[in-house]
Amino acid sequence: MTVAPERDEQELMAGFEATIERHDRIEPRDWMPEGYRRTVVRQVAQHAHSEIIGMQPEGNWITRAPSLRRKAILLAKVQDEAGHGLYLYSACETSGVSRDELTEMLIGGRQKYSSIFNYPTLTYADVGTIGWLVDGAAICNQVPLCRTSYGPYGRAMIRVCKEESFHQRQGYELLATMMRGTDEQRAMVQESVDRFWWPALMMFGPPDDDSPNTAQSMAWGIKRNTNDDLRQRMVDMTVPQAEALGVTLPDPELRWNEERQAHDFGTPDWDEFKDVISGNGPCNAQRLEHRRRAWEDGAWVREAATVFARRTEADREAAR
Ligand SMILES: [Fe+2]
Ligand SMILES: [Fe+2]
């Protein structure tokens, strides 16, 4: 007896929903609604692209690191980001999109990456500030994603998060060292924090009432917290760290709210955010151009590797 296709689909959907309800993982071979698959691809790809593009602002300082120790730390950190990008591209490939397609969507401007990487790194203090605030924001965002419903994404996040916490600490330690230095170094740290504070808060995305995808992503367990929720967490986590460092966060509205047991804070400039997201930030063109060039320059390596794999396979066949 054959079952009507709609009936089939209903049963599959019920199974999918039951898995989500149990907070179990959806695995690549499981049936999933097309919208879920598309959302996973969009979010994981955007995350992978952010890791890869995110290598540029800090990579900019590798040749000018002030000591061998700082250079070794920065190299290790930037390499970690490449690794994160690769895990995430692999996680994304499990849902049926190839890495080539993903890269082409990035360089063609059809997929996005985090707005933060479109800001320039003007001084070495920015390396510290990025570690402290940008990797700090990444941790707030990614720790709950270890429990995301899509299995390959959640597993990638577990490993990534361990490395992010090293990134945040090396940034904080760099800034703490500079704050113990000269007045000029302290001023350099403050100036860097002034530039990065608001863009770091924008990393969580638009406010909840202006975030069209949040409700569906939460219902599917892809996202575990709303943007505003995570932003609040970031502020509450960072304020005591800023006090310990001796830097001022550039927000006159920032204060502890006894009733809410959380900090009140000002509103990021959402027009600036929209502008940067739509391609008009200070470094958007430069970041994409650099990525495009690296992709083109690497074409012969991909080609050689493909031919080598094909030949090796043919040799193995012939030897059988
Ligand atoms: Fe990362
Ligand atoms: Fe990182």
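**Figure 1. Helix H5 and the glycine after it.** In this predicted model, Gly-109 follows H5 and has a positive phi, near 75°. Helices are DSSP runs (H or I, at least four residues), numbered from the N terminus. Within H5, the residues Leu-102, Thr-103, Met-105, Leu-106 and Ile-107 are buried, that is, under 20% relative accessible area with a 1.4 Å probe and protein chains only. The cover over the buried residues of H5 includes helix H2 (34-53), H4 and H12.

**Figure 2. The second largest pocket.** This pocket has a volume of about 350 Å³. Of its 15 lining residues, Ile-52, Met-55, Gln-56, His-290 and Arg-291 are the closest to the centre. Helix H3 (55-59), helix H4 (68-93), helix H5 (99-107) and helix H12 (284-297) each give two or more residues to the lining. H12 supplies the largest share, six residues. By class, the lining has six nonpolar, six polar and three charged residues. Nonpolar covers Ala, Val, Leu, Ile, Met, Phe, Trp, Tyr, Cys and Pro; charged covers Asp, Glu, Lys and Arg; the others, Gly among them, are polar. A pocket is an open set of points on a 1 Å grid over the protein atoms alone, where a 1.4 Å probe fits, with protein on both sides within 12 Å along at least five of seven lines; lining residues have an atom within 4 Å of a point. Points are joined across faces, edges and corners, and the volume is the space filled by probe spheres set on them.

**Figure 3. Packing of H7 on H10.** The axes of helix H7 (residues 151-179) and helix H10 (residues 227-245), lines fitted to C-alpha atoms over the stretch in contact, come within 10 Å and cross at roughly 30°. H7 and H10 are therefore roughly parallel, the term for angles under 35 degrees between N-to-C directions. Gln-168, Tyr-172, Leu-175, Ala-176 and Met-179 of H7 meet Met-237, Gln-241, Ala-244 and Leu-245 of H10, contact being heavy atoms within 4.5 Å. The residues of this contact are seven nonpolar, two polar and no charged.

**Figure 4. Surroundings of Leu-201.** Leu-201 lies in helix H8 (residues 183-202) and is buried, with a relative accessible area of 0%. Apart from neighbours within four places in sequence, Leu-201 contacts Arg-231, Met-234, Val-235, Phe-265 and Pro-268. Its C-alpha atom is 7.6 Å from that of Ala-137, 64 residues apart along the chain.

**Notes.** Residues are numbered from 1 along each chain as its sequence is written, and chains are lettered from A and ligands numbered from 1 in written order. Local features need pLDDT of at least 70 and side-chain atom pairs count only at pLDDT 80 or more, while totals for chains, interfaces and linings use all residues; side-chain values use heavy atoms, with hydrogens and water left out.

Methods:
Axes are lines fitted to C-alpha atoms, for helices over the stretch in contact, and angles run from 0 to 180 degrees between N-to-C directions. Angles under 35 degrees count as roughly parallel, over 145 as roughly antiparallel, 65 to 115 as roughly perpendicular and the rest as oblique. Buried means under 20% relative accessible area, exposed over 50%, partly exposed in between (1.4 Å probe, protein chains only).
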